[in-house]
Amino acid sequence: MGYYKKNRDFHEARWDEPFIMEMGNPGERGVLVPQASEKVRERSGEASKLIPAGLLRKKAPALPELSQMQVLRHYMRLSQETIGTDINIDIGLGTCTMKYSPKIHEQLVRAEKFQELHPCQDESTVQGILEVMYKDAQYLKAISGMDQVSLQPAGGSQAIFANVQTIRAYFEEKGEADKRDEIITTILSHPANPGTAATLGYKVITLYPDENGLPDLAALKAAVSERTAALMITNPEDTGIYNDRIRQFVDIVHEAGGLCVYDQANLNGVFGLTRARDAGFDMCHYNLHKSFSSPHGCQGPGAGAQCVSRELAQYVAAPTVEFDGTKYYLDYQRPDSIGKLRAFYGVPSVLIRAYAYIRSLGPDGMKSIAELSILNNNYLIKKLLKIKGLSMPFAEGRFRMEQARLSWQELTEETGVTTDDICRRIVDYGFQDYFTSHHPRVLPEPFTPEPVETYSKDDMDEYAAAFAAIAEEAYTQPELVKGAPYKAALGARIEEECLTDWSKFATTWRAYQALGK
Amino acid sequence: MERSFVHPYMPNSVPEVKQQLLDELGVKSVREIYESIIPKDLLYKGRLDLPEPIHSEYELKKHVTDILNKNISTEEYASFLGAGCYKHQVPAICDEINTRGEFLTAYCGDTYSDHGKMQAIFEYASMMGELLDADVVSYTTYDAGQSVCSSFRMAVRIQSAAGKEKSVILVPDTMNPDIFSQADAYCRNVAEIEKVPHVPETGLLDMKELKERLEKGNVAAVFYENPSYLGFFEEQAEEIARLAHQYDAVCIAQPQVSSLGIAESPMNLGADIVCGDIQPLGMHLQYGGGQAGFIASRQKLEYMEQFPTYMYGIARTDKEGAYGYGRAMNYRCSHGSREKANEYFGTETGLWGITAGVYLASMGPQGMYELGETILLNLNYLTLRLNELKGVKANPFGRSNFQEVLVDFNDSGKTAGEINRALLEHRIFGGKDLSREFPGLGQCALYCVSELTTQGEMDALVDALGQILR
């Protein structure tokens, strides 16, 4: 009981696997393709005659030619050289909410009754999946306090984009679109907030933290005007400090006639404790692959949810899924809608997982997520802050929500070892590298752990012990840390200029080969 | 939840362990923590209005399965639906690899710890490069629509960087209507997207009209699909690119990836940016959830700088013959430079990129050729058979088609919707009803086949239509 491994004798799989284009031999086949029947061939003739002459491919694509076992083995090896949440204590990727993704959900999304559904099927034949989507939306209304939900977004950033489109549509309808051309956000809010605002042509005003680590209220007051379209803000920000003046922020922007958009990509510390609408927000969004537990799939597919108040309901991305008392249907009759964001209806596999997740936890279970992730986070912080050279800037003594931004600044100053060095070294201890910070790094030498509710006390103890050991190394043998990793899948150090110098940069094997010539 | 209830996803819900954590923090309850940081008036006092939990896995599986069983899948009914989502053979190893826990649950680990993931994604881009004959291939985007949207904006930025303020994007009026509306909304503040009419008799782009529009001098890019949304090959591909270049416009093309073993890549027909969807390369239908986009170009700096997505680059290492990979030049993305980025960017569809890599490595050049071949033969057979029916005109434009064919029911006395509903009785999903998207075509549907469509299914469709239209 209470046992955890210290100084785990770890080594990641290292297969030194060749590049796939170099493997195989001409003529090998990995999979055979169904052929047209004899009669079809008889009537259709030669395939090459069914293509306009100028469009017939002149030179076959130089794809690899490999047998099936060899393809499988290659990718199995590459998978072993990848550290997913399933095989490590993935506390380090803070803001990413690397919680356990239940395996029963994977069985559900692999059902033929889902996997083999075409999105253009008659609604009478997809009542099951529509029911799941409809109920998801109802649950998200309960969780957010909002009145309308669209599940169109294919990810969190696209949900934020939908909210900016909604801002534009709202002010266009009011005839104020030309005047209201500024969006206010904070430097510690996710970069997709300024990114989406700028994509749609808004001027972005960025608030910086005050001495307490919270967005500067005076700066907000100075920023709002008749040009303010909206405030887009995360709470808690990456620091994990709950912004207890959030209501004031909302009121100030509302008084100026702007809308307020809550970035709730990471809901983990908030489930059932506070709701976006109750804090006065007009809109919010969720990343359903994060707090609602879908596996992150090497960066997607994820899914987002756009949630808005009654006043903005008419604008959400279409179609929405509705229920008329007897059947579920896709509602395209939304003339003021911002329209479609993505092909078809978002990412339904993530929506099934979110449904199963909510159903398996219920109202109290959902609240337990928040309670335990807050508890875990503050426990881990306490452990980590005993490590020499590691500190937690801002709001000393104040509890954090579900994550925290820490800083190795002191350790760097004393040893020359940076957070990037430690980030590589931690891999040698059997953990995924960690998330430092979004750009720019407002805090020096950042490190942002997020010990979500699915990690045990023993997991956290092992995790903290590894950092204690690395800090010790930094003070006694800094070169060891700087030279890391030694036990990762890639055992050699890359030449960085290949990734920073355009003249040496290649995104494909053929381009790389050409550069060498 | 009872205080003593322990959830399998929450190890610290064990009361004794939870107490240890609380003791360490010197608090009596978690409530004490959050009440100290969240203002009272913001605390939610109610209990979330959610259904009570289904505790065991077995019951949960039964509950969800019972709901999903209300669906009827394309394994049960013969399907002639396409329109952007295609049912193809999914090699077993595609499923095997994308369900591996390491790939399934990895996220943004980097060069050293996620070396396998990085290599798999770089290999995906490299194989796409071969299929497209393109040097530069992006990390996967949300879907074809997003790739088209970003390609349009890339073109405007490329023009702008060259000192030309051109903002009109010309597109065929037969293009995918959903993607058109996506792009229209996405580009509204930087570009005007204008539809160029098709020649009524042939469906092909009206080249005279295209030239007239280009002559105005404000066109940033010309876009075409090949095959078009309505299924026919755009035979004038080379001429479109030539005209675009004559007027200093960028040529953007969206090919169907499943055709590229047998049909020429737009890169070799003069296109500058090629974009589209990889769903056909190993992704199940998933009710439209398997889409993922790509953007590709030649190795030209003025193009590469304008990509808004992650790009995975290859790097030499200090060990001979060993390579590493990294996400590079991130200042182009909002992750790297917030509002100064080319466009916004987020978590998109990495797992589908890896899957498409497994697919292409399995298929090889021969597999991709045979895929295209079978589709062409099947579609031609279906077209011939449908034209045996009275009141039905398949391929009214009389073109060469790939995978999909327009079927005109205007002379049948029935609407496309009525016909599709009647086909359900025959356990058939008829082609997509186009009467809402293309009212000008009247009662038409878009019929789709793949290498999986059997002669028996096509014959059964013709028989069923014969009965319905009798």
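**Domains, sheet and chain contact in the predicted model**

Chain B divides into domain 1 (11-64), domain 2 (78-86 + 366-468) and domain 3 (92-360), with bounds that come from an automatic or database domain assignment. The centres of domain 1 of chain B and domain 2 of chain B, taken over C-alpha atoms, are 54 Å apart. The model is predicted: local features need pLDDT of at least 70, side-chain atom pairs count only at pLDDT 80 or more, and totals for chains, interfaces and linings use all residues. Residues are numbered from 1 along each chain as its sequence is written, while chains are lettered from A and ligands numbered from 1 in the order in which they are written.

In chain A, seven strands form an open sheet with mixed pairing, in the order β1-β7-β6-β5-β4-β2-β3. Helices (H or I, at least four residues) and strands (E, at least two) are DSSP runs, numbered from the N terminus, and two strands pair if DSSP finds at least two bridges between them. Strands β1 (148-150) and β3 (203-207) of chain A each have a single partner and stand at the edges, so one side of each is left without a neighbour in the sheet. On average, neighbouring strands of this sheet are turned by 20° against each other, direction ignored. Axes are lines fitted to C-alpha atoms, for helices over the stretch in contact, and angles run from 0 to 180 degrees between N-to-C directions.

Strand β2 (residues 182-186) of chain A runs parallel to β3(A) and is joined to it by five bridges. Within β3(A), A:L207 stands opposite A:T186. Helix α7 (residues 192-199) of chain A packs on the sheet, where it touches β2, β3, β4 (228-234) and β5 (259-263) of chain A, and its direction makes about 160° with that of β3(A). Helix α9 (residues 246-255) of chain A also packs on the sheet, touching β4 and β5 of chain A, at about 170° to the direction of β4(A). Contact between two residues requires their C-beta atoms, placed from the backbone, to lie within 7 Å.

The loop between β2 and α7 of chain A holds A:H190. A:H190 is buried, with 27 other C-beta atoms within 10 Å (buried: 20 or more; exposed: 12 or fewer; partly exposed: in between; C-beta atoms placed from the backbone). Residues up to four places away in sequence aside, A:H190 touches A:T234, A:D263, A:A265 and A:H438.

The contact takes 180 residues from chain A and 179 residues from chain B. Helix α10 (residues 348-384) of chain A supplies the largest share of the chain A side, 22 residues.
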